[in-house]
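Hello,

Here is the structure I promised to pass on. Please open it next to this message; my notes follow below.

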Amino acid sequence: MAVINLSLNNADKTLLLNIGENNIRFVTAKSLTKTAQNIQEAVKKHIAETFIIRRKSGGFIQSIKILPAKKQNLQAKVYTMAGFAALQQTGGRQKALSGRLAVPAYKQISDVKSRTSANKPRGLKKSFLLRLSDGSHAIAVRTGKDLKVMYYLKPEAYLPKRLNMIEIGENTAEKFFTLEFRKSLQELLA
C-alpha cells in the first residue's frame with residue numbers, strides 16, 4: 001500500500017475549504033481512480049516486457065483489474081486474480097501439487113520449435129520420458145540422431161521475483177497522484 005503525502009500552498013487550502021467536504025471526497029476518489037488506471041497501464045506494460053505471453057487475447061495482461069475509489073470508500077485497488085501471480089511477485093519455491101513440475105531446460109521460449117495450444121510438455125511431438133543417470137526424469141525430443149532435453153521433472157522449483165507489481169504501483173502513485181488531484185480540482189472549479 002502506498003501512502004502519499006499531499007502538501008498544499010495557502011491558495012489551494014483556501015480553495016479546498018470553500019469547495020466543501022463532499023466535493024473534496026469526489027476529487028480525491030476521482031484522483032485515486034485515475035492513479036489506479038495509470039498503475040494498471042504501467043503494470044501491463046511491465047508484464048508485456050518481462051513475460052513471454054503466449055496467449056494473445058485475454059490471459060495474464062487482461063487479468064490486471066482495478067477497483068475504483070468511491071466517495072464513501074477513498075481507496076482504489078489494482079489487483080489480479082491470476083493464481084500464479086503471487087509467487088511471481090514474491091519469488092520462492094513452487095512445489096508440485098501431485099507428481100512433478102516440468103522445469104524448462106531452455107533459456108528462451110524460441111528454443112522450443114514445437115509449440116502446442118495447451119502449452120504442456122506432453123503436447124511435444126516425438127517426445128518421451130527419459131530417465132537420467134542420477135535417477136531423475138526429463139522429457140526429451142529426438143532430433144535426428146540427437147536427443148534434446150526440453151523439460152526436467154522435479155518435485156519443486158525456484159521462481160525468481162519477476163512481477164514487481166507492488167513496486168511499480170508505489171512509484172506510479174507517487175508520480176501521478178498529486179498531478180491527478182490538482183487536475184481534478186481544476187476541472188471541478190472550471
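Phe 177 and Phe 181 both sit in helix α5 (residues 165-189); they are four residues apart, so about one helical turn separates them. This is a predicted model. The two residues form a tilted aromatic pair, with 6.0 Å from centre to centre and 40 degrees between the planes. Phe 177 is buried, because its relative accessible area is 9%, under the 20% cut-off. Phe 181 is buried too, at 4%.

The structure holds two aromatic pairs. The other one joins Phe 60 and Phe 84. Their ring centres lie 4.8 Å apart and the planes stand at 55 degrees, so this pair is tilted. Where do the partners sit in the chain? Phe 60 belongs to helix α3 (residues 59-62). Phe 84 is in the loop between β2 (77-80) and α4 (85-90). The pair therefore ties together parts that are 24 residues apart in sequence. Phe 60 is buried, with a relative accessible area of 10%. Phe 84 has 43% relative accessibility, so it counts as partly exposed.

Back to α5, and its contact with another helix. The axes of α5 and helix α2 (residues 21-50) come within 7 Å. They cross at roughly 140 degrees, so α2 and α5 are oblique to each other. Angles have to be over 145 degrees to count as roughly antiparallel. The crossing is right-handed. Which kinds of residue make up the contact of α2 with α5? There are 13 nonpolar, nine polar and four charged residues.

Best wishes

Terms used: Residues numbered from 1 in each chain as written. Predicted model: local features only at pLDDT ≥ 70, side-chain atom pairs only at ≥ 80, totals over all residues. Heavy atoms only, no water. Phe/Tyr/Trp six-rings, centres within 6.5 Å; stacked < 30°, edge-to-face > 60°. Helix = DSSP H or I, 4+ residues; strand = E, 2+ residues; numbered from the N terminus. Buried < 20%, exposed > 50% of the residue type's maximum accessible area, 1.4 Å probe, protein only. Axes fitted to C-alpha atoms, helices over the stretch in contact; angles between N-to-C directions. Parallel < 35°, antiparallel > 145°, perpendicular 65-115°, else oblique. Left-handed = near helix turned anticlockwise from the far one by under 90°. Nonpolar A, V, L, I, M, F, W, Y, C, P; charged D, E, K, R; others polar.
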